[in-house]
Amino acid sequence: MKFYKYLMGIAAAGLALTACNDDDTFDAIGAAPEPPIIDIVPEAPSIKPKAVWIDCHANYELLSKAANIDAQLEKMKAAGFNMIYLDVKPGNGYALYKSDILPYCDKFADLTVERDYDDYLGYFLQKCEELEIDVIGSIGAMGWGMQSPTYKQGYVYDNWDQWKDKVQVRSDNRNPDITVPISDDTERVEGYREAQSVTMLDPMYPEVQDLLVSVATELVTKYPKLKGVSLDYCRYANNEGGYFGMSDANMQGYADYWNESKPTRHEIVTPTGGVGPKFAKWIEFRAMNVTTCIRRVSEAIKAVNPENELHLWAGADWWGRYSVGQNWASQNYIPSGFQYTSTYNKTGFAEYLDVFVTGAYATQVWVSEDLSNKWNVEYFCKTWQNYILGACRCFGSIAAYNHDEVGNADATYLCLKHTDGYMNFELSHLNRRSLWDSSKNGIDRYEHPENYDQQEDTLY
């Protein structure tokens, strides 16, 4: 056991961390060594939250009929799930609830449906109450439009004059002085299907923060039976050489934040794509923009009802999250490394959350499968507390598309054993891969360990 921890420490110190999943791609160049594993098995109630994520796009046609919603929720209940994360403001910026702020989502990308009920969220809440399933409404925090080679669609494009100067801007990795608005970016795709991309607004702007806060406030006000809201895409877009956020307004925002002169882009990212002398300050500035959004949403929904919960999903590899502006650690966690200032810890947002949903979206489940690879479900489920430090609860989450029946059951069990709850992403993959029985197996293994021989704790 001691030898294994020593081995992992050497591996972490010697390797640059590179990780990817369907939502996030990180480049953590020269990341600092990670702290040792501190596996704290949460002392939580025996009945923990066990959730399915319901993506808008992937289930758009299926869930247009009330009978299908009933059937899917009953399937979840039978498998042992007691919570859902329901997309209610997806990446196109439209509402899947009765909103006075946003248009109703009657079309998503190239899909149009006719529903046989009046209110998507309202119907889910009604059925979930019958089945004693909690509902968390998911908001795509910075996603407000969709684009493809053939269309531009969504809230930001319906109100283009108001928002065109507030979309995220990327610097070119070959020449940082060349900037590309995400709405015109043809070299990359952010989320959803190939050739479809989310148009993301920049969290620096007060108007963008105000829009997000107004939507979150409306949700918990109009739908008091919601257990809370979850923020997704609450970050800068993924980096592929350049760094998002490098508009002229952000250069001035940096200067105001640090009370110094406006930087050049070459002081942040060099002409050859390297790290400039003001890179770490830039990373803190962007992270604080994201954290400010989260803090404001937390304050707003709790002003409506202090019992409202704020959740947030992000990738489990903390060392890669600086690249998208997310510091999901506690403010008491102080990192070291070239990309962090001495004050970076104040951007931590765990204190503003009730639940952090850590995205352990790895194909490898057990550490023992490959001792040289830390990108696995077991490792992430056992190390989150190194960064959270008790500031909020943590749910382990997995991607169903990464696993067969055995892997899905094992990953489910690990999330429940080593975090405060569990989320499986997502409904369409559970259906397509027929993973309901294996999900139930993983849940039963945690809740009734006396009936199972466990692989657990063979290495730690």
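## A three-stranded sheet

Three strands form an open sheet, ordered E7-E6-E10, with antiparallel pairing. Strands here are DSSP runs of at least two residues, helices of at least four, numbered from the N terminus. Two strands pair if DSSP finds at least two bridges between them. At the edges lie strand E7 (152–153) and strand E10 (197–200), each pairing on one side only.

Strand E6 (residues 143–147) is joined to E7 by two bridges. Met-146 stands opposite Gln-153 in E7.

## About the model

This is a predicted model: local features need pLDDT of at least 70, side-chain atom pairs count only at pLDDT 80 or more, and totals for chains, interfaces and linings use all residues. Residues are numbered from 1 along each chain as its sequence is written, and side-chain values use heavy atoms, leaving out hydrogens and water.

## Nonpolar cores

A nonpolar core is a set of buried Ala, Val, Leu, Ile, Met, Phe, Trp, Tyr and Cys residues joined through side-chain atoms within 4.5 Å. Buried means under 20% relative accessible area, with a 1.4 Å probe and protein chains only. The largest core has 130 residues. Ile-54, Ile-84, Leu-121 and Leu-231 have the most contacts inside it. Helix H8 (residues 279–304) gives the most to this core: eleven residues.

Another core lies apart, with 13 residues, including Trp-313 and Tyr-361.

## Two packed helices

Helix H11 (residues 405–418) and helix H13 (residues 436–447) pack at about 35 degrees, their axes 7 Å apart. Axes are lines fitted to C-alpha atoms, for helices over the stretch in contact, and angles run from 0 to 180 degrees between N-to-C directions.

Terms used:
Buried means under 20% relative accessible area, exposed over 50%, partly exposed in between (1.4 Å probe, protein chains only).
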